[in-house]
Every structure is written in C-alpha cells, then in structure tokens.
Amino acid sequence: MPYLGSEDVVKELKKALCNPHIQADRLRYRNVIQRVIRMSKLDQWGQAEVLNFLLRYQPRSEEELFDILNLLDSFLKSSSPGVVMGATKLFLILAKKFPHVQTDVLVRVKGPLLAACSSESRELCFVALCHVRQILHSLPGHFSSHYKKFFCSYSEPHYIKLQKVEVLCELVNDENVQQVLEELRGYCTDVSADFAQAAIFAIGGIARTYTDQCVQILTELLGLRQEHITTVVVQTFRDLVWLCPQCTEAVCQALPGCEENIQDSEGKQALIWLLGVHGERIPNAPYVLEDFVENVKSETFPAVKMELLTALLRLFLSRPAECQDMLGRLLYYCIEEEKDMAVRDRGLFYYRLLLVGIDEVKRILCSPKSDPTLGLLEDPAERPVNSWASDFNTLVPVYGKAHWATISKCQGAERCGPELPKTSSFAVSGPLIPEDNKEREQELPDSGALMLVPNRQLTADYFEKTWLSLKVAHQQVLPWRGEFHPDTLQMALQVVNIQTIAMSRAGTRPWKAYLSAQDDTGCLFLTELLLEPENSEMQISVKQNEARTETLNSFISVLETVIGTIEEIKS
Amino acid sequence: MISQFFILSSKGDPLIYKDFRGDSGGRDVAELFYRKLTGLPGDESPVVMVTTGGRRHHDGRHFIHIRHSSLYLVVTTSENVSPFSLLELLSRLATLLGDYCGSLGEGTISRNVALVYELLDEVLDYGYVQTTSTEMLRNFIQTEAVVSKPFSLFDLSSVGLFGAETQQSKVAPSSAASRPVLSSRSDQSQKNEVFLDVVERLSVLIASNGSLLKVDVQGEIRLKSFLPSGSEMRIGLTEEFCVGKSELRGYGPGIRVDEVSFHSSVNLDEFESHRILRLQPPQGELTVMRYQLSDDLPSPLPFRLFPSVQWDRGSGRTTLEPKPRPVSLNVRLHLPLPRGVVSLSQELSSPEQKAELAEGALRWDLPRVQGGSQLSGLFQMDVPGSPGPPSHGLSTSAPPLGLGPASLSFELPRHTCSGLQVRFLRLAFRPCGNANPHKWVRHLSHSDAYVIRI
C-alpha cells in the first residue's frame, strides 16, 4: 500500500534535509520547510513526523525562527496529544535562547497536559504525569493552582497514585499546603501498605519546607500503632531531624512508645539512631535501648546491631550512669558471641576506642547532629528548561533520568562495543576549544605565572558564603565519558593544590563537586564541576574573588590538565 | 519506529503477533513481555518497560502497552520515541479493530485473525504509520468480519404481544452499536444507523463538613456512524453552551465548560452563532468533541451523602444517607474501615438491600435507586484494643483514622452533570429508497471518583 496521508510531505522534507544542494541554498531550504509546514492535508501521524524532522533544522535568523513558530502555532491546539507534545518539544528547542517564549509555550501546553492527566486511558495519564513532573523540576509553581487535579482516586492503579503523590509533593506552596497535606494524610491510612508508605515519605519531603504542620500529622499517625506506618514515620523523622534541626524537640516528644510497633530492619535502625543522637532529650531512651540490648541475641539484622553499638556509645557519652552497664554487656556480646564479622569488628573498634580515653571517643563520635546544607546538595535545584528540552516527549521522563542513564549505558556498551575507541569519538563530537587556544593555555603553567598555595583549607560555610556572593567568571564544558572514581579526581587535584570542599558520591546523577584554591597573591578560585548524565560532558564554572583574567586562564588550564589526565587514565 | 506489535489475552496467550522490521528475536518476545509484566515490583509502572540483561538480541527493547477490554495491545521499539504518539496509536488501533470486528475482545479477535493481520498490514509499513482512517482503509480490506450472533430474547420480545407494538422497539439494545462497520456488500438488511453518546465522567471530593473541595467533569461526545461515508451531519448543542470563564450567552445561567477540543474533521462555521457542529463522519467510531469543566458546576451535585459518625471508646455508629437526585444505576458505596473491626451490624432502609464486608472495607451495592429517594444505612462496629494513651493527642471520642473516606460509584442515565444536551441530530443524507436512517442519542454520566470525607 502506498503512503496515503503524509507521503508527499515527509518525502519532500526528507529530500530537503538530506540533499546537500538544497541545504547549501538557505533560501530554498527555508522555502521547502515552510511549504511543508503549511501543508494542510496531514493526518496526525504525518504532523508528528514533520515535527520530528524539523527538530534538525536550525533557523538562521531570529526572524525566521519566529516565522516558523507562528506557522506551527496551530499544532499546539491539535486535539491529538502526540502532536501537541511534539510541537511543544520543537518550540522549546527552537526557542532555547528565549526563556519567555519557552515559559509561554509551557503555559499553553498546561491545558492539554492536564486533560491527558485526567484521561480515561490510564497509560496516557501516566505518561502525562511523568511529563508534568519534568516541567515542575524547572518551574515549581507551574501547576500549583491545579493541585486538585492530582488528587488520587481509590480506583486508580498503583503506579498512577505514586506519580500523583510525587507531583503533589513538588507543587506544594503556601496557598495549597493545607489542602494537599490533608489529602496526603488520607492516603496514609490506605489499605495498600506501599501506597501508605509513599504518602508518608511525601509528607516527609514537604516537611523540609513546612516543618511544623507535617511533624504534627506524622505524630498523629504514630497514634495508629500500626507497624507499616510507624516504621516509615520514624524513618521520615530521622531524615527530617538531620535536615531541619528545628523540629528535633517535637520529634523527641513523639518518639516514646513507638518501639513496640517496629519490627523491620530499616525502622529499627532509624529509631536507634534517633535515640542515640538525641538521647539526652528523650527521658526513656536508655530503657528503650536496654530492651534492644536484652534481645540482641535474637536480632536477625546485622545492620541493626551495628547501629545499636554506635547509638549506645553515643548515649553513653551524654548519660553515662544509665548506660555503662549495658554498654559493657553489649560490647561483651558483640566481641565474644557475635558471628557476623562486621559487627564484631565494630565492637572491637569501639572497645579499643574506649581504652584510649573518653576525650578521644567524644572527639570522634560527637559529630554534628544535623546538616541543613546536605539538602542543598541532594536537592536538584531548579533546572533550566534547556537541560531537558531535548528529552521532552521521549521515553526519558517516563523512565526517570536515573533509570534511563542505566538503560542507555547498557545499550551503548552493546552497540558501540569495544571497536570504537572512546577518544576518537571526542574528536568528532565534543565541543572542543580551538586548537591554538589550547596550546597557549597549556604553556602557561610552565611559565610560572600561577602559584597555588598548598594546604589552604576553607570551611564549607565560608565556601558557601563566598560562592553565593560571587559571579561566575568563567564557564566551560569539557568532554567527559563514563564512570570514574571521585577519589582519584580528588587525589589528582590535591597534587596541584586544589582542595575539594564537597563532592557527590560516585555514580550519582547529576554528579557535582566543589573545589577551592588560592594563589600566592591571595586570589581565591572557587569551582563547581557538574556532570550531567546524558551530555557526556563536564561543565566547569569558576568564580574568582578578584577579577584577573591571566591567573584565571592559567587556573583553568591547570584544571583542564588534571581532568584530561583522569580522562586518559580511564580510557 | 515500531518493531513489533502483538495482542495478548488477559492470561498472556498471544492472539496476534506481527513483526514489522525483522530486527527482533522472534515470538518469544511476547512471552518475555508477559513475564516481565507479572513479575514487576510494585513501585514500577508497567506502561513502559525495557528489557535488559538476559539474551543479547532482546536487549534495550522497550515495551509500550495499553490495556483495552482485558486485552494487552503491545508495541515494541528500540528507539527513544514519543510515548504520547505511540499510546495514541495503540488506542486508535483498538478503536479501529473494534470498528472492523464489531467489538474488541478475546473472542472477536481470535475469530477474525485474518482480518486483523490484513488491517495491520495496511496501517503500518516497516514500522511506520501509513494511515489509520477507517475510510481509507475500507478500500484495501477484503476480508469480512466474522460475527457471532448471540441468541437473544430481545428478538422474540420485539414481536410484541397480540401484534401490539411494545415499548421495546423504540429502544435500541445496548449492544446494537457493536457491529462491524464493514458489513458484507451483499447484505441488504444493512441498517443506516448513527449512535451519538454524550458521556461525562465526574470526579468529586467533598469535605467532612459537606463543603465541596473539588469537582471535575470530563465530557465527550462520541459518534459511531454506519452511514455511507460522505454524508453530512449536523449536531445541535444546547444554545446556552459557552466556553471559558468570560463568555455569556442566553438569559439563563448557561452551560459553561472550561475547555473544548474538537476532532479535526469538525466544521465549526455555525458553532459560534448557533452552536451547531457540522461534520462528515467516516464510518466507525469518532470522538467529536471533548470538554472539561472544573470547580463550578451549574447544577447541584447529583448525589449527596450525609455521613455521621459517633464514636465512643472503641465502638462506633456510622450513619450514611445517600440521596441521589436523578435515577441512578449500579450504585456502590465503599467505606474503608479501621483495622481490626470485629463486629459489624447493619440497619438499612429496606430489607432486601445488603452491605458486606470485604478487604477491610464496607461495600453496599444498590442496583437501582429512584431519583429523589432517601436511603439510610446505620452501621455499628467495634474496634477492640484500647485507644492510644492520651499523650498521642487522640481523644477517645474521635473516630479512628482508618475510617473513611467513603466513595461512591454510580451511573446516571439520561443525565449530564454539565447540563449539555444534544438538541438535534440532522442528516443531510438522502436515503436512496431505503428507510430513513435511525438515529440514537444517549446521555450518560458516570462517576470516576466520588469521594466524601468523613
């Protein structure tokens, strides 16, 4: 059967996009494209295909760009969600230099997306919800007034409910927080334990901003005395206390009594951790821990035992009289009777530590009890629309970025295989700096213009303050592929006297690191390394407290050399 | 690009399997899909799945499926395609198969395997969509649908007692619309029929104090036409129908919807002035118009429920008084109960009704409720185990947290919540000797989620 609906159009467009003669002649090229867009006899599949092809087109001028956008405007009103989303993606990509156009498009696509979210087809609804989440990452307030559309109904399948809870968690703001929390509280007593737990975690997520209300709801939930609820609430409390120290008091008051309703490993660990770290504020903390010590023989999870050792030792430091006896018993048990090597080693370690002296123990164990800055590092801050525009209307938001990264890694490994050496692909694809420029920069460090001072340690706080107060002096992208070990990088940076302030764990996406260095004149260099999973490049932003271009250049070239070396070692 | 398309029965048996690109590992992909689907951990979504590990030639294949009338329609692809388009294609295919086979189901598919393959051949070529228009495809499809005619008493009853015309002949059976579009050319008894449905889905959330928290109406006008194609048709909607918040029409409060979208074949020339939709529908099913309405409903809610709860030291009485305005069918009331309810006694408004306890929830089914009637149900339950100590902030007279919210599901025939009605359906079609075409218009609302907090 021949092509019926979209044959001419697609053929023409394909021809135009492939034919070098047409490509060379800008005017002709443009005409072809405009003719194609104007073709009216396209069915929805043809339209989707045309939109897909147009993604490859780069308008030459601003005028032409807006010309195309105007021509395509009717596609945004199409009744087919596939076409609307295709058009949205094209708009987002074409208008990448015009944030207001992008925002405008996202406002217009709100209606169709919301309609799809309440569509009768569960599958469509799910995909739309995934895209809503994607948009919310960049524009947190975008759907806030439509929060009611994301309330779950009991007849929906599990995977939709989970997505909706995530969306609710992300669009919460001052006006709707009350209603959203009330709705979420209803989910916490749902028949499905999984869904109830997801709702509780969601409340925990909202608690980072609206602490008091959420802690109150969570405390009420403890009153239900149900295992699957209590354990999740306690885990939420643990995370919350770490990030929002102001709620410690309320949490400590809520904790007594919930040990009876916790049976699983995660919940026990969380409870024991809380008792250990904040034991001085919980009157019966030693007695609860004593119960755990009594029953340690029948405890099945080694992780709980490890947590118990640490917690008891911590509590011993603040309330020695009540804990001394049982700490002795626990250590004895762990060293003499325990079969699990890790637990025994931990016991031995603490025992030896205690032999050294109590001051030493205090110095080692009394780490900070909360760290609000962790939230900043963990939280993916508002991402620019451009970072996901090319993923819009693809499978990426549906799988989630992290999952997609692993999928494409597997595929990449299989497809490219070993026959393509990695270095060669840089040469073609990476946005490299011009050749001459590079050489000049590489010579600079030899000339001795820059001397970085060794052992210049900045505190994290000072770094953060300075970082926020300065403007980005230089930004650059280096090609980067695959996995690596952060320790290697840290070591290499150490060699050239660049200190690492903070660094994400290996394998996290996006991976970030903050570096600092100072030269002999006292000029500070603060650097952020950002590794986006899908871009295969590392973004470097450098800030400088004194504006001096030469030293900046040489600092960057040092950094480049280090990263280049790591890259070589890897491949 | 679609690599494969297959249809599985609800038990996972492959009914249809088609490979478009020959880049896949063969039929066992269907089996792999079903195994993956059933073995999926609870927190992952089954809509889009990927194969990793295992056999190499299956790696990185994405399964995208929809569930339609207990069948799985699945496509596989190895590229990063638009999920919206693929899902749309799948649901379009489902409609198309329904059009050609009469209805979509395990039985009809297995009876019409040849027809389905023929259709797939025409719709997709090398994994690319050619056309999905019923009209175009008619020219290429040769096979006729095999329809099994179930024995029905309806045929007998329509004869009528003593030759008198009964009420029955004025009502079409609900299965009348499920017949294939492409009936045999020799069949002279082919009827010219048009079915027009206005269907609304209603989701409502009512707070415990009776105030309305959320109303959401999703409406559709669906058309199934068996007329020869090219015949023009005019659908007149209620004149007071207005779109958007600002518009005002007529004298009354008007029928207001927030957003409307039309099928691309609808001609809107007369819509502005007279609210008339003109279209030349192809044979088969078509969604003419979709609309949404949220937050302010012009008419009062179709269903009220007056819950009251008295709770005292572990035992409680819950009274529910559902009160529908219009006639409602298949009403089901669902009330989750706190864990550990031991005894439950009920007192319902009429003795033949019955509420039962299932999966930690109360279920009260009412097949038919008269409009305007008032029902009542009184449930007494005991929850053993002492309530939490006072330090937990729970007073003993408050109901436990596991109770509620109550949800209702129901159907309202001949009622639309937005108030939208089809005024007329006119055909510009000249019947050539044959009788006038039959026109069936139906209005229906049903609940999507109707939740009342307690």
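A salt bridge is a side-chain nitrogen of Lys or Arg within 4 Å of a carboxyl oxygen of Asp or Glu. By that rule, the side chains of B:R35 and B:E31 form one, with N and O 3.8 Å apart. The whole structure holds 33 salt bridges over all chains.

This is a predicted model, in which local features need pLDDT of at least 70 and side-chain atom pairs need pLDDT 80 or more, while totals for chains, interfaces and linings use all residues. Residues are numbered from 1 along each chain as its sequence is written, chains are lettered from A and ligands numbered from 1 in the order written, and side-chain values use heavy atoms, without hydrogens and water.

**The two chains**

- Chain A has 29 helices and five strands. Chain B has seven helices and 27 strands. Helices (H or I, at least four residues) and strands (E, at least two) are DSSP runs, numbered from the N terminus.
- Buried residues make up 49% of the 571 residues in chain A. In chain B they make up 48% of 454 residues. Buried means under 20% relative accessible area, exposed means over 50%, and partly exposed lies in between (1.4 Å probe, protein chains only).
- Chain A exposes about 26,800 Å², with 52% supplied by carbon and sulfur atoms. Chain B exposes about 21,000 Å², with 51% from carbon and sulfur atoms. These accessible areas come from the Shrake-Rupley method with a 1.4 Å probe; for residues, only the protein chains shown count as cover.
- Contact means heavy atoms within 4.5 Å. Take the contacts in chain A between residues at least 6 apart in sequence: 65% join residues at least 24 apart. For chain B, among contacts between residues at least 6 apart, 69% join residues at least 24 apart.

**Where the chains meet**

- The size of an interface is often given as the accessible area lost when the parts come together. Chains A and B bury about 5,500 Å² between them, 58% of it on carbon and sulfur atoms. Buried area is the accessible area (1.4 Å probe) that two parts lose on being put together, summed over both.
- On the chain B side, 66 residues are in contact with 62 residues of chain A.
- Three salt bridges run between the chains. One residue pair joined in this way is A:K149 and B:D216, with the closest N and O atoms 3.2 Å apart.
- Helix α2 (residues 83-101) of chain B gives the most to the side that touches chain A, with seven residues.
- That side of chain B divides into 23 nonpolar, 23 polar and 20 charged residues. Here Ala, Val, Leu, Ile, Met, Phe, Trp, Tyr, Cys and Pro count as nonpolar, Asp, Glu, Lys and Arg as charged, and the others, Gly among them, as polar.

**A serine to look at: B:S82**

- B:S82 sits in the loop between β5 (71-77) and α2 of chain B. B:S82 is buried, with a relative accessible area of 15%.
- Its side chain reaches the backbone nitrogen of B:S85 at 3.2 Å.
- Leaving aside neighbours within four places in sequence, B:S82 is in contact with A:N393 and A:T394.

**Salt bridges within each chain**

- B:R35 and B:E31 both lie in helix α1 (residues 28-38) of chain B, four residues apart, about one turn of the helix. B:R35 is partly exposed, at 46% relative accessibility.
- B:D121 and B:K18 meet in a salt bridge (2.8 Å, N to O). B:D121 lies in helix α4 (residues 113-123) and B:K18 in strand β2 (residues 14-19), so the pair ties together parts of chain B that are 103 residues apart in sequence. B:D121 is partly exposed at 42%, whereas B:K18 is buried at 17%.
- A:K305 and A:E338 also pair, at 2.9 Å from N to O. A:K305 is buried, with a relative accessible area of 8%, and A:E338 is buried at 5%.
- A:E290, A:E294, A:D325 and A:R329 are linked in a network of salt bridges.

Conventions. Polar contact = N/O pair within 3.5 Å; in protein donor to acceptor, adjacent residues only side chain to side chain.
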